[in-house]
Amino acid sequence: MREILDGLEVVDDPDVLESLSHDDAEWAPYGKAVAAVRPRTTEEVRRVVAACAGRNVPIVPRGAGTGLSGGANAVDGAMILDLSKMNKIVEIDVENMTATVQPGVVNDDLKRAVAEHGLWYPPDPASAPWSTIGGNVSTNAGGLCCLKYGVTRDYVLGMEVVVGGPAGEYGTVVRLGRRTTKGVSGYDLAGLFTGSEGTFGVITEVTLRLRPARREAPKTVVGAFGSVVAAGEAVAAVTRAGLLPAALELLDRTCLKAVEDWKHLGLESDAAALLLAQLDTPGDAEATAVAEVFRAAGALWAEQSTDEIEAEALFAARRLAYPALERLSPVLTEDICVPRSRVPEMLSSIEAIAAHHGATIAVIAHAGDGNLHPLILAPTGDEAAKRAAQGAFEDMLSAAIAMGGTVTGEHGVGLLKRAGMRQELSAGVLAMQVAVKQTLDPLNLFNPGKVIG
């Protein structure tokens with residue numbers, strides 16, 4: 001393999017290889033890779049895929065490793081494809097409002113680059129300062145603004161992918177999708193690859209739809225509530241009122257305290273939960289209406305923030321909640337999504353599940369679209385806490401499914417949600433998914449063991 005990959009950046013240092021062999025998913029298992037390669041071009045990816053296929057070596061693509069489902073974890077004997085050095089913005093087409101990028105481009109770097117041209121790339125996962133576009137596409141990442149502006153799939157027009165199977169020998173390069181605003185020529189294969197977690201091939205370039213930049217800074221409304229469930233009731237009330245914030249986020253007291261103790265942002269709240277709404281409709285009417293809904297739903301107080309620094313600190317707290325809690329303890333992160341009207345019920349279920357298992361669960365959420373992220377803390381070495389966390393994790397999946405929800409809204413199936421997906425989907429649908437994988441990757445080389453197991 002080393003001879004075949006001559007000229008490429010091959011990593012076999014045990015410590016570095018160990019760090020590249022898993023993502024941020026707590027307790028997701030990972031195997032021992034033979035090596036990692038850091039390609040810089042599509043041709044280099046093609047060479048790696050062809051070489052691995054000739055020797056039946058599994059291929060595990062990864063970006064920044066910020067995933068939370070084990071989707072980028074190595075299997076024994078695998079070659080890791082670290083795509084972080086494929087980080088060029090190939091083109092920003094201002095006239096057609098598109099950007100074409102390599103998979104290693106960091107989300108926030110793309111935002112800054114297109115902003116210089118008066119454009120905006122809306123998908124904004126909380127990991128946007130670190131996560132890469134390739135990883136975002138592979139998991140169909142969501143984020144804070146997806147309530148109003150959609151998820152990554154809504155912005156993927158086309159992609160270049162290194163594949164095998166029906167397209168030709170492993171190492172064949174194909175272009176999927178289009179560069180036009182509209183197009184229905186054949187099946188939507190670019191849409192199929194978006195969210196496929198690297199199980200069909202290796203994405204080497206992506207063409208993304210952009211939007212005009214927002215004309216004015218969004219307004220922020222903050223509401224404080226006496227309980228997490230009361231905050232959930234306010235979320236449902238916003239939906240019933242026909243209001244559509246750009247973002248509607250929830251943080252409980254545990255998350256706020258963890259962030260403040262770490263970053264000292266000046267956050268103060270005696271409330272059990274905060275709701276943060278971001279509104280970008282011109283004028284103040286929408287922000288005023290959201291504040292009124294919060295108050296009518298029982299908020300302890302609700303105000304529009306007139307201080308941009310304060311508003312930025314509040315949303316920074318939302319983005320920092322996971323790493324802040326991770327400083328305190330290993331964290332098992334949930335990613336359930338329920339119909340928006342069922343958010344209060346799901347939040348109540350989380351409290352009951354925590355009490356039943358004796359687990360410590362903090363809650364953050366893209367509450368406006370029903371995507372909840374309960375964070376289960378289990379101190380290192382505390383086996384009882386670990387068992388409680390795992391039991392609570394499984395019970396929350398079952399509760400979400402029972403409410404017409406899904407076991408993963410944006411983090412992906414990876415390793416941690418395979419059993420949950422089998423619980424959620426019918427046998428017929430699961431068989432269809434297996435058939436697609438077997439057709440596109442008959443040798444089962446691309447990220448084996450993920451999603452369908």
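The model is predicted, so to speak of local features we need pLDDT of at least 70, and side-chain atom pairs count only at pLDDT 80 or more, while totals for chains, interfaces and linings use all residues. Residues are numbered from 1 along each chain as its sequence is written, and side-chain values use heavy atoms, with hydrogens and water left out.

I start with the sheet. It is open and has 5 strands, in the order β5-β6-β10-β8-β9, with antiparallel pairing. Strands here are DSSP runs of E, at least two residues; helices are runs of H or I, at least four; both are numbered from the N terminus. Two strands pair if DSSP finds at least two bridges between them. β5 (89-93) and β9 (172-177) each have a single partner strand, so one side of each has no neighbour in the sheet.

Ala99 stands opposite Leu208 in β10.

Next, the rings. Rings of Phe, Tyr and Trp (its six-membered ring) pair if their centres lie within 6.5 Å; planes under 30 degrees apart are stacked, over 60 edge-to-face, the rest tilted. That rule gives 5 aromatic pairs. One of them is Tyr121 with Tyr155, edge-to-face, at 6.0 Å centre to centre and 80 degrees between the planes. Tyr121 is in the loop between β7 and α4, and Tyr155 in the loop between α5 and β8, so the pair ties together parts 34 residues apart in sequence.

Are these two buried or exposed? Buried means under 20% relative accessible area, exposed over 50%, partly exposed in between (1.4 Å probe, protein chains only). Tyr121, at 0%, is buried, and Tyr155, at 3%, is buried too.
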